[in-house]
Amino acid sequence: MFDGYDSCSEDTSSSSSSEESEEEVAPLPSNLPIIKNNGQVYTYPDGKSGMATCEMCGMVGVRDAFYSKTKRFCSVSCSRSYSSNSKKASILARLQGKPPTKKAKVLQKQPLVAKLAAYAQYQATLQNQAKTKSAVSMEGFSWGNYISSNSFIAAPVTCFKHAPMGTCWGDISENVRVEVPNTDCSLPTKVFWIAGIVKLAGYNALLRYEGFENDSGLDFWCNICGSDIHPVGWCAASGKPLVPPRTIQHKYTNWKAFLVKRLTGAKTLPPDFSQKVSESMQYPFKPCMRVEVVDKRHLCRTRVAVVESVIGGRLRLVYEESEDRTDDFWCHMHSPLIHHIGWSRSIGHRFKRSDITKKQDGHFDTPPHLFAKVKEVDQSGEWFKEGMKLEAIDPLNLSTICVATIRKVLADGFLMIGIDGSEAADGSDWFCYHATSPSIFPVGFCEINMIELTPPRGYTKLPFKWFDYLRETGSIAAPVKLFNKDVPNHGFRVGMKLEAVDLMEPRLICVATVTRIIHRLLRIHFDGWEEEYDQWVDCESPDLYPVGWCQLTGYQLQPPASQSSRESQSGSSKQKKKAKSQQYKGHKKMTTLQLKEELIDGEDYNFLQGASDQESNGSANFYIKQEP
């Protein structure tokens with residue numbers, strides 16, 4: 001495990017430079033370990049590390065491997081060539097860019113030394129520039145700084161089964177050791193050192209180099225699934241050098257013994273961790289696949305769309321009739337809003353026929369088995385009926401749970417739901433939920449769980465009472481036993497941070513917080529925005545992601561809104577506030593999104609159902625009263 005490291009020199013003198021050469025160019029710091037290509041750190045018999053530079057060709061190497069007693073040349077050929085004064089003078093002039101002088105006795109490859117010093121200075125400059133940029137730029141939002149400065153807690157990766165590593169995260173926790181690049185080093189080549197996890201926030205980990213003890217001066221955040229994070233022992237197996245940080249290099253004379261003592265019994269990443277990360281980021285959906293997806297202009301029907309791109313399992317779908325390919329819709333590949341071709345016909349759902357009668361070249365239907373499966377239900381016995389009342393999350397305003405009615409019963413357990421008091425006469429704003437959807441609730445759910453229920457628009461008999469409303473409308477409530485009562489052990493806690501899709505603008509993923517938990521229902525607040533923008537989302541929704549997901553997948557994360565942008569948007573919303581229609585026209589966040597491809601905004605605001613229709617794996621009393 002420790003073959004990548006032998007020892008580290010504390011010597012302060014150079015073994016291959018003279019006083020005269022030092023006047024020309026500063027020599028290499030002699031306290032740096034000497035690295036060979038295979039990662040070994042070589043030492044003198046007396047314990048002092050050493051290197052040498054060929055005075056003829058300038059090659060840097062291990063001093064013991066050089067030719068002659070004086071170790072001035074890398075080979076016999078260089079030793080003989082050096083005897084020619086004319087050769088020496090021409091080489092010196094070429095390397096130094098000036099006529100030879102008497103001081104230039106030793107023909108070291110001084111430009112290399114100068115480049116090393118310049119490289120170290122360049123790296124320091126870049127680090128300073130990066131710190132300055134992150135401090136002032138909203139585009140440079142840092143989860144690490146945001147969490148550390150506010151002592152926030154992030155939802156663990158295991159809460160997100162649909163996310164990479166969500167089902168195989170294992171025992172990754174604080175104190176796990178990893179091998180990471182050593183940034184506190186001036187060597188031009190990438191070297192590594194061992195660090196321990198101080199704090200975990202989703203995919204991001206706050207790391208501290210071994211040897212710093214309680215000193216947090218060089219702590220740094222990184223994505224634990226990144227390509228530069230490795231289990232302990234990877235350097236030895238890969239022939240990479242382990243070099244202690246420059247700041248603490250003087251603390252120990254025997255770093256190998258220190259590492260053995262510190263790492264004995266410590267946990268590290270599984271050897272196949274990077275392979276698992278790679279495998280978990282392979283997605284079956286591919287561009288040019290055809291699907292049926294909700295029509296964002298008429299929620300009651302579906303349309304054919306084509307997968308344009310796939311980012312982290314999220315699909316950019318372009319409606320098939322869009323000639324300029326700007327009429328798009330974003331959702332996750334496990335979203336309950338997308339289905340295989342022919343799904344609408346099979347269950348009796350309304351469907352908009354495409355004007356395109358023939359598939360475009362290269363387009364093909366997505367295999368049905370790739371879509372999220374819903375729980376099978378038995379509709380032969382007592383079942384939902386048209387006209388039954390219930391409570392449902394409004395897909396056009398996901399911050400509210402409303403009085404709703406079953407308008408049509410479809411096959412395979414699907415229901416068409418309408419929001420009371422705001423339905424269109426032709427039913428064009430009905431929307432489809434599965435009977436097991438965690439976004440529909442029995443009558444009385446909000447009252448029992450102290451959630452504000454939104455009454456029908458225009459209903460004046462307030463406060464709203466279900467008993468009175470059912471009697472006035474001559475309706476009955478849907479039986480409680482028909483609703484999904486499964487509550488998985490999801491692991492979310494109030495106050496946890498995460499990255500969440502703004503379901504009113506589903507191409508945006510924002511910094512968010514869990515503010516309430518009602519069984520499996522989560523109240524998601526978008527940091528920096530008012531509570532009116534909050535959204536109710538199921539705990540297993542594929543539109544929730546761990547902290548660091550955007551960085552891992554290359555998606556653009558929207559930082560918390562600034563006060564000025566909130567005030568500007570709030571004033572605009574009040575002036576333009578209108579009655580709700582099929583296309584959501586309010587509560588839009590004015591933010592920018594830069595993805596790998598250019599996205600052109602349309603006039604329509606997108607709708608996305610805030611729940612997953614997947615079967616849960618736990619159970620709990622649906623009517624347990626919980627504190628708000």
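Is Glu-423 buried, exposed or partly exposed? Glu-423 counts as partly exposed, because its relative accessibility is 25%. Here, buried means under 20% relative accessible area, exposed means over 50%, and partly exposed is in between (1.4 Å probe, protein chains only).

Before going further, know that this is a predicted model, where local features need pLDDT of at least 70 and side-chain atom pairs count only at pLDDT 80 or more, while totals for chains, interfaces and linings use all residues. Residues are numbered from 1 along each chain as its sequence is written, and side-chain values use heavy atoms, with hydrogens and water left out.

**Stop 1: salt bridges**

A salt bridge here is a side-chain nitrogen of Lys or Arg within 4 Å of a carboxyl oxygen of Asp or Glu. Arg-407 lies in strand β17 (residues 401-409) and Glu-423 in the loop between β18 (414-419) and β19 (431-434), so the pair ties together parts 16 residues apart in sequence. Helices (H or I, at least four residues) and strands (E, at least two) are DSSP runs, numbered from the N terminus. Arg-407 is partly exposed too, at 29% relative accessibility.

Now select Asp-543 and Arg-314, another salt bridge, whose closest N and O atoms are 3.8 Å apart. This pair links distant parts of the chain, 229 residues apart: Asp-543 sits in the loop between β25 (535-538) and β26 (544-545), and Arg-314 in strand β11 (residues 314-319). Asp-543 is buried at 3% relative accessibility, and Arg-314 is buried at 0%.

Next, pick Lys-461 and Asp-468, whose side chains meet in a salt bridge at 4.0 Å, N to O. Lys-461 is partly exposed at 39%, whereas Asp-468 is buried at 18%. For a group view, select Asp-295, Lys-296, Arg-297, Arg-301, Arg-303, Glu-321, Asp-327 and Lys-352: salt bridges that share partners join them into one network. How many salt bridges does a search of the whole structure find? The count is 28.

**Stop 2: a cis peptide**

Move to Leu-462 and Pro-463, which are joined by a cis peptide bond with omega about 0°. Pro-463 lies in the loop between β21 (453-454) and α11 (466-473).

**Stop 3: a sheet and its helices**

Colour the strands β7-β6-β5-β4-β8, and you have the order of an open sheet of 5 strands with antiparallel pairing. Two strands pair if DSSP finds at least two bridges between them. At the edges are β7 (220-223) and β8 (230-231), each pairing on one side only. Zoom in on β4 (residues 177-181) and β5 (residues 192-201): these run antiparallel and are joined by 5 bridges. Val-180 stands opposite Trp-193 in β5.

Then show the helices. Helix α5 (residues 143-150) lies across β5, β6 (204-209) and β7, at about 130° to β7. Helix α7 (residues 255-263) lies across β4 and β5, at about 30° to β5. Contact means heavy atoms within 4.5 Å. Axes are lines fitted to C-alpha atoms, for helices over the stretch in contact, and angles run from 0 to 180 degrees between N-to-C directions.

Two loop residues are worth a click here. Ser-151, in the loop between α5 and β3 (153-154), has a positive phi of about 55° although it is not a glycine. Glu-213, in the loop between β6 and β7, likewise is not a glycine but has a positive phi of about 50°. Ser-151 is exposed at 61%, and Glu-213 is partly exposed at 36%.

**Stop 4: aromatic rings**

There are 29 aromatic pairs to browse. Rings of Phe, Tyr and Trp (its six-membered ring) pair if their centres lie within 6.5 Å; planes under 30 degrees apart count as stacked, over 60 as edge-to-face and the rest as tilted. Among the pairs, select Trp-343 and Phe-414: they are edge-to-face, 5.2 Å centre to centre, with 85° between the planes. Trp-343 is in helix α9 (residues 343-347) and Phe-414 in strand β18, 71 residues apart. Finish with Phe-141, Trp-143, Tyr-146 and Phe-152, which form one aromatic cluster.
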